[in-house]
Amino acid sequence: MQLSPLPSEFQAALPVLSALNDHGYEAYFVGGAVRDALLHDRIHDVDIATSAYPAEVKSVFRRTVDTGIQHGTVTVLLDHDQYEVTTFRTESTYQDFRRPDHVTFVRSLKEDLKRRDFTVNALAMDQHGEITDLFAGLSDLQHHILRAVGKPEERFHEDALRMMRAVRFQSQLAFTLDPATEQAIAHHHGLLTKIAVERINMEFVKMMAAKDRRLGLKTFLDTQLFTACPGMDDQGAALATMLADKPQLLLQSGSVWLRVAAALTLPEKAVERFMRAWKTTNTERRQVSQLLPILKKITAHHLTDWDLYTAGADLLTVLVPVAEQMGLTTAALATRYQQLPLHQARDLAISGRTITEWFPQVQGPQIGALLHLATQAVVAGQVPNDAGAIRHFLEQHAEGVSL
Ligand code: ATP
Ligand code: MG
């Protein structure tokens with residue numbers, strides 16, 4: 001089969017293939033870019049595999065960077081683009097169910113394709129668009145089937161992360177999982193505990209951020225993969241509530257964690273522990289701790305203008321997609337936010353300096369306390385955002401401060 005015409009992303013990389021070919025080496029486009037081009041999906045990184053050893057790749061091109069030289073990856077710099085060129089390799093001895101002990105560089109494309117995870121990820125394409133398809137990946141692509149290359153039991157035993165990759169690709173591609181592949185995951189799900197949490201996290205977030213997240217999530221639950229993930233062992237029923245979510249395009253990672261935290265049946269303190277166990281970032285943890293209470297108030301119809309003000313526009317963009325996914329109505333939320341009398345501290349008609357001018361005896365933390373009181377009153381609509389009105393309000397309401 002031949003892909004013609006070659007999409008522009010591949011055209012731009014043709015000089016790399018030609019240069020390697022001219023020096024007598026084989027070179028192919030491989031992996032996700034070939035799969036996505038055949039599916040007419042958006043193409044991400046164009047990766048190249050070659051029979052040239054890393055030192056040979058470096059001798060062919062003027063400008064290269066040793067990106068992952070021990071794994072055979074060299075980045076080739078062209079005038080405007082850069083491409084990762086990886087030597088054909090096999091990953092012979094696996095121990096501990098994760099990453100190979102060492103990789104062996106080989107000259108055979110077949111050996112390289114054999115070690116890849118799924119048939120649709122094991123296609124290679126030459127400079128003419130001619131596809132090498134050794135594992136019936138084209139047929140699987142056509143029928144939207146995700147199937148492990150070779151014997152699934154062996155492949156997941158070799159590298160347990162592939163089980164998370166399976167559910168991730170299922171969500172991203174909206175493919176059906178081949179039954180033997182699914183059974184092997186159900187059988188080996190426990191091996192996932194051998195994999196570094198950071199790597200599980202990346203696949204989990206990709207799965208949950210994808211449009212068809214419910215497909216991968218269902219397999220994640222059905223195969224018991226979730227029981228091998230941090231803090232999820234007793235959360236199966238809670239996680240399953242997300243299957244009823246409305247599908248929606250591309251959540252950001254912060255939103256993914258907010259959605260998951262909202263589904264869990266955990267007290268607030270335990271949510272923080274859960275997030276740490278997953279090695280989430282500080283930003284993700286902060287977003288969740290600020291937004292989870294707000295999400296609960298939306299559900300209970302107790303959301304105040306002060307809640308909206310303290311969340312702020314940036315956090316609301318994280319919150320709204322999640323709330324909508326959960327079937328909560330947020331149409332009024334944006335209008336309500338827009339109509340707040342203030343959106344940030346500097347919108348207030350007075351500042352700390354105004355307070356000291358008005359009330360010279362007020363000092364230190366009391367200045368902040370008065371500003372806070374004024375801000376709350378203005379946001380709540382109790383007082384107009386006007387200096388005179390605020391002064392009058394403070395004179396009436398500043399308890400414990402002698403003005
Ligand atoms: P994406 O669009 O997310 O980049 P991708 O298919 O390119 O999808 P990558 O994680 O970039 O996925 O990996 C590139 C290719 O390397 C895969 O298509 C697959 O052929 C191979 N691969 C990556 N990880 C593994 C693994 N753990 N086991 C086997 N093959 C793998
Ligand atoms: Mg990729």
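Helix axes are lines fitted to C-alpha atoms over the stretch in contact, and the angles between them run from 0 to 180 degrees between N-to-C directions. The helices themselves are DSSP runs (H or I, at least four residues), numbered from the N terminus.

This is a predicted model, in which local features need pLDDT of at least 70 and side-chain atom pairs count only at pLDDT 80 or more, whereas totals for chains, interfaces and linings use all residues. Residues are numbered from 1 along each chain as its sequence is written, chains are lettered from A and ligands numbered from 1 in the order in which they are written, and side-chain values use heavy atoms, with hydrogens and water left out.

**Helix packing**

The axes of helix α13 (residues 268-277) and helix α14 (residues 282-299) come within 10 Å and cross at roughly 155°, which means that α13 is roughly antiparallel to α14, a label given to angles over 145 degrees. The contact (heavy atoms within 4.5 Å) is made by Val 271, Glu 272, Met 275 and Arg 276 of α13 together with Glu 284, Arg 285, Val 288 and Leu 292 of α14. These residues divide into four nonpolar, no polar and four charged, where Ala, Val, Leu, Ile, Met, Phe, Trp, Tyr, Cys and Pro count as nonpolar, Asp, Glu, Lys and Arg as charged, and the others, Gly among them, as polar.

Helix α18 (residues 365-379) packs against helix α15 (residues 305-325) at an angle of about 120°, with their axes 9 Å apart, and α15 is therefore oblique to α18. Here Asp 305, Trp 306 and Tyr 309 in α15 meet His 372, Thr 375, Gln 376 and Val 379 in α18, a set made up of three nonpolar, three polar and one charged residue.

With helix α19 (residues 387-397), α18 packs at an angle of about 115°, the axes being 10 Å apart, so the two helices are roughly perpendicular to each other, the term for angles of 65 to 115 degrees. Leu 370, Leu 373, Ala 374, Ala 377 and Val 378 in α18 meet Ile 390, Phe 393, Leu 394 and His 397 in α19; by class, this contact has eight nonpolar, one polar and no charged residues.

**Ligand 1**

Of the 13 residues around ligand 1 (a heavy atom within 4 Å), Arg 35, Asp 159, Arg 162, Arg 165 and Arg 168 come nearest. The table gives polar contacts, that is, pairs of N or O atoms within 3.5 Å.

| Residue, N or O atom | Atom of ligand 1 | Distance |
|---|---|---|
| Gly 32, backbone | oxygen | 3.3 Å |
| Asp 117, backbone | nitrogen | 3.1 Å |
| Asp 159, side chain | nitrogen | 2.9 Å |

Notes. Angles under 35 degrees count as roughly parallel, over 145 as roughly antiparallel, 65 to 115 as roughly perpendicular and the rest as oblique. A polar contact is a pair of N or O atoms within 3.5 Å; within protein, one must be able to donate a hydrogen and the other to accept it, and residues adjacent in sequence count only if both atoms are side-chain atoms.
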